[in-house]
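Student: I would like a close look at one strand and its surroundings. Please take the side-chain pairs around it as well.

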Amino acid sequence: MLNRRAVLTGAASLALTLSACGQNKEGSSTGGSGGGGTVGIAMPTRASERWLLDGKSLVEGLKAREFKSELVYGDDDPKAQVAQIGKLIDQGVEALIIAAIDNKSLNSVLQRAAEAGIAVIAYDRLILGTKNVDYYISFDNEMVGRMQAHHIIEKLGLEDGEDGPFNIELFAGSPDDNNTKFFYEGSMALLEPYLESKQLIVPSGQTGLGKITTLRWDGPTAQKRMADLLDEFYATKQLDAVLSPYDGISRGILAALNADGYDTAAKPLPIVTGQDAELPSVKSIIAGDQSQTVFKDVRNLADAACTMIDDILNDRNPSVDDTVTYKNGVKPVPARLLQPTSIDKSNYEILAREEYFTEDELK
């Protein structure tokens with residue numbers, strides 16, 4: 001196998017290039033019959049529709065470029081994902097696209113990949129604690145958090161002089177996903193001034209990242225935490241806003257709120273943010289329940305990953321946007337970053353215009 005490491009350590013250009021990139025149903029698939037080599041794709045879960053779309057987009061895009069692919073899903077089991085990646089290495093893939101379940105669990109298996117000369121792209125989740133990750137491709141994750149926080153600030157009228165105080169609770173993503181930190185930091189950069197001025201109050205006092213994470217981004221886990229918060233801190237208070245980092249978590253939060261008697265004239269639902277524009281949450285936004293989500297067109301993310309693979313396997317330097325910010329504890333990983341879009345009831349039609357969903361699906 002051709003060792004790509006000399007190419008991967010070269011300087012990356014800053015130009016933006018995109019190409020065409022989709023999924024399989026069973027969790028493992030081979031596509032295309034060209035001579036471009038085989039790419040292993042390790043996705044974290046089939047429980048979220050976005051990861052199914054990522055897998056599909058990657059498989060179809062690589063096939064269009066005459067690369068074969070092997071797609072596997074770890075189903076939220078870090079040990080299973082490590083074993084799957086090891087099997088892909090044994091099968092002789094020339095590159096790996098990995099969305100890690102546990103971003104600190106891959107050191108040993110990626111050492112094997114490096115010894116075999118296999119290029120590694122961290123897909124949407126930065127892999128930590130290893131020198132053997134070559135590129136990181138994602139959205140601007142701090143911007144995601146800023147969009148969520150800005151929506152809360154705007155809807156509460158804080159920029160327009162509303163003093164409050166308003167009650168807010170904070171939720172964050174999985175503690176083993178590096179993106180969780182970036183979403184949180186982006187949100188808090190905008191929310192902290194209002195927390196300091198007491199225009200926003202967190203009755204639970206749970207504001208530090210270590211207090212508000214949600215393991216595996218799990219909706220039922222978020223639902224239980226929200227129910228516990230309501231029981232303990234809101235017997236005589238009204239909740240005005242919930243910072244939620246992901247649609248699945250948002251749906252869990254809304255389930256707890258509805259069970260507690262919210263969504264009435266006397267007790268309206270608080271503002272609830274989200275991320276990933278999952279169809280159930282978009283429909284919830286249209287219905288006036290969830291307030292906002294952040295649209296990250298994963299088809300474009302897959303496009304960019306396919307471009308990167310094509311460059312790597314053809315001995316070209318991939319395009320990157322940032323070579324210093326995304327430090328994984330061992331080195332800064334060159335990053336390619338895409339821009340997200342905030343979606344609420346006023347502009348959800350964007351999703352139909354971009355053909356992410358059909359108009360019938362949004363009804």
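Tutor: What follows starts with strand E6 and then turns to the side-chain pairs.

The model is predicted. Take the cover of strand E6 to begin with. Five of its five residues are buried. In a regular strand the side chains alternate between the two faces of the sheet. Here both faces are covered. Phe166, Ile168 and Leu170 are buried on one side. Asn167 and Glu169 are buried on the other.

Next, the strand partners. E6 runs parallel to strand E7 (residues 200-201), and two bridges join them. Phe166 stands opposite Leu200 of E7. E6, H6 and E7 form a right-handed β-α-β unit. E6 also pairs with strand E8 (residues 241-243), again in the parallel sense, over three bridges. Within E8, Val242 is the bridge partner of Glu169.

Asp177 forms a salt bridge with Arg125, with the closest N and O atoms 2.9 Å apart. Asp177 lies in the loop between strand E6 (166-170) and helix H6 (178-196), and Arg125 in the loop between E4 and E5, so the pair ties together parts 52 residues apart in sequence. Both Asp177 and Arg125 are buried.

Helix H6 brings in the aromatic pairs. The count for the model comes to six aromatic pairs. One of them joins Phe182 and Tyr326: the ring centres are 5.1 Å apart and the planes stand at 50°, so the pair is tilted. This pair links distant parts of the chain, with Phe182 in helix H6 and Tyr326 in the loop between H11 and E11, 144 residues apart. Phe182 is buried, at 7% relative accessible area. Tyr326 is buried too, at 4%. Ring pairs link Tyr136, Phe182 and Tyr326 into a cluster.

Phe183 has a ring partner as well. The centres of Phe183 and Trp217 lie 6.0 Å apart with the planes at 70°, so this pair is edge-to-face. Phe183 is in helix H6 and Trp217 in the loop between helix H7 (209-212) and helix H8 (219-233), so the pair ties together parts 34 residues apart in sequence. Phe183 is buried at 4% relative accessibility. Trp217 is buried at 12%.

A charge also meets a ring at Phe171. The charged end of Arg225 sits over that ring, 4.3 Å from its centre. Elsewhere, Arg50 lies over the face of Trp51, 3.8 Å from the ring centre.

Arg50 leads on to the other salt bridges. The model has 17 salt bridges. Arg50, Asp54, Asp124, Asp276 and Lys296 are linked in a network of them. Asp124 lies in the loop between strand E4 (119-123) and strand E5 (135-139), and Lys296 in the loop between strand E10 (292-295) and helix H11 (298-313), so the pair ties together parts 172 residues apart in sequence. Asp124 is buried at 2% relative accessibility. Lys296 is buried, also at 2%.

One more salt bridge joins Arg336 and Asp321, with the closest N and O atoms 2.9 Å apart. Arg336 is in strand E11 (residues 335-338) and Asp321 in the loop between H11 and E11, so the pair ties together parts 15 residues apart in sequence. Arg336 is buried, with a relative accessible area of 5%. Asp321 is partly exposed, with 37%.

Technical notes: Residues numbered from 1 in each chain as written. Predicted model: local features only at pLDDT ≥ 70, side-chain atom pairs only at ≥ 80, totals over all residues. Heavy atoms only, no water. Salt bridge = Lys/Arg side-chain N within 4 Å of Asp/Glu carboxyl O. Helix = DSSP H or I, 4+ residues; strand = E, 2+ residues; numbered from the N terminus. Buried < 20%, exposed > 50% of the residue type's maximum accessible area, 1.4 Å probe, protein only. Pairing = 2+ DSSP bridges. Right-handed = clockwise from strand over helix to strand, strands pointing away. Phe/Tyr/Trp six-rings, centres within 6.5 Å; stacked < 30°, edge-to-face > 60°. Lys NZ or Arg CZ within 6 Å of the ring centre and 35° of its normal.
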